[in-house]
Amino acid sequence: MTIQKLISVFFLQLLCVHVFLFDRTNAQSLRVGFYNRTCPSFEEIVKNTTASFISQAPLLAPALLRMHFHDCFVRGCDGSVLINSTSGNQAEKDAIPNQSLRGFEVIDAVKSAVENTCPSLVSCADILALVARDAVTLLNGPSWQVPLGRRDGRVSISSEALANLPPPFANITQLKASFRSKGLSDKELAILSGGHTIGISHCPSFSNRLYNFTGQGDTDPSLDPNYIVQLRQICSPTDTTSNIEMDPGSATTFDTSYYTLVRARRGLFEADAALLNDNATRNYVLRQANSSGSNFFKDFAASMVKMGKIGVTTGNRGEIRRICSAIN
């Protein structure tokens, strides 16, 4: 059995027994302007520090957006993805789905700048939520008001990341189950998938679609054959280092062309192609593709706010970490 199939089976098994309970009480305690009195310069510090990195390396923006997603889907949006492993515990950061995450230095720099002004007041979870918003905005994407007041979690376990994060080869049944378990609708699955309009991916995440889709040396019939030819020119069967833009030509511009690509069967991942295999997600893809994404920015902003409330820790629970990579 291939590693891809093993992960897929593991994902399905654990998802069935690890259904996430969306804690609406905690989510409702978040509010816009949470730090207005205690740290009024907080959001400006986050914006300026984030911009200083992304102006030099624009591809950090999609990486930071992805980091926020990976944080929220495991134990909720509590900053647990930022915690380093120790001799006694392998943390989420070192799980297979997270080993390609990057941009932790941005979060550390923002946290350091915030601590210099407002020590022990602002959580790493809130910082990550704001950084993700600012990263999207800096690539010409939408902006939104981020409800704040999250506390940082104290637990980070590698196996939970593997169990909760949908892999790039997930089918539509797996994707819908994953998002529904976090309180997100099928439509919001299609909306948040639009985040693939920015960023890059390494060849191993999709090369089976090009060379060995069913183990018989075949290609994925759901992928445009002409696109397969183009991708093969960059990714050999054993290539583990080359990068491909998920949205060719605009990997650092947040726009609506992702849906045009998916409609044309040029979504890079099986999970992108899977959106065409369900009425709700297909209808959203086609509506955005046919209207040049007329309401995508508004939808994406609203869905990010909702995602950012998944399983949050608030009140006196959790902690405010002094550094984001380790519990106090």
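Is Arg266 buried, partly exposed or exposed, and what is its relative accessible area? Arg266 is partly exposed, with a relative accessible area of 21%; buried means under 20%, exposed over 50%, and partly exposed in between (1.4 Å probe, protein chains only). This is a predicted model, in which local features need pLDDT of at least 70, side-chain atom pairs count only at pLDDT 80 or more, and totals for chains, interfaces and linings use all residues. Residues are numbered from 1 along each chain as its sequence is written, and side-chain values use heavy atoms, with hydrogens and water left out.

**Salt bridges in the whole structure**
- Side chains of opposite charge can pair when their charged atoms come close.
- The search finds 12 salt bridges, each being a side-chain nitrogen of Lys or Arg within 4 Å of a carboxyl oxygen of Asp or Glu.
- Helices are DSSP runs (H or I, at least four residues), numbered from the N terminus.

**Arg266 and Asp224**
- The closest N and O atoms of this salt bridge are 2.8 Å apart.
- Arg266 lies in the loop between α12 (257-263) and α13 (270-273) and Asp224 in the loop between α10 (208-211) and α11 (225-232), so the pair ties together parts 42 residues apart in sequence.
- Asp224 counts as buried at 12% relative accessibility.

**Arg150 and Asp126**
- These side chains meet in a salt bridge (2.7 Å, N to O).
- Because Arg150 lies in the loop between α6 (124-138) and α7 (158-164) and Asp126 in helix α6, the pair ties together parts 24 residues apart in sequence.
- Arg150 is buried at 2%, and Asp126 is buried at 0%.

**A network**
- Lys176, Arg180, Asp186 and Asp278 are linked in a network of salt bridges.

Technical notes. Helix = DSSP H or I, 4+ residues; strand = E, 2+ residues; numbered from the N terminus.
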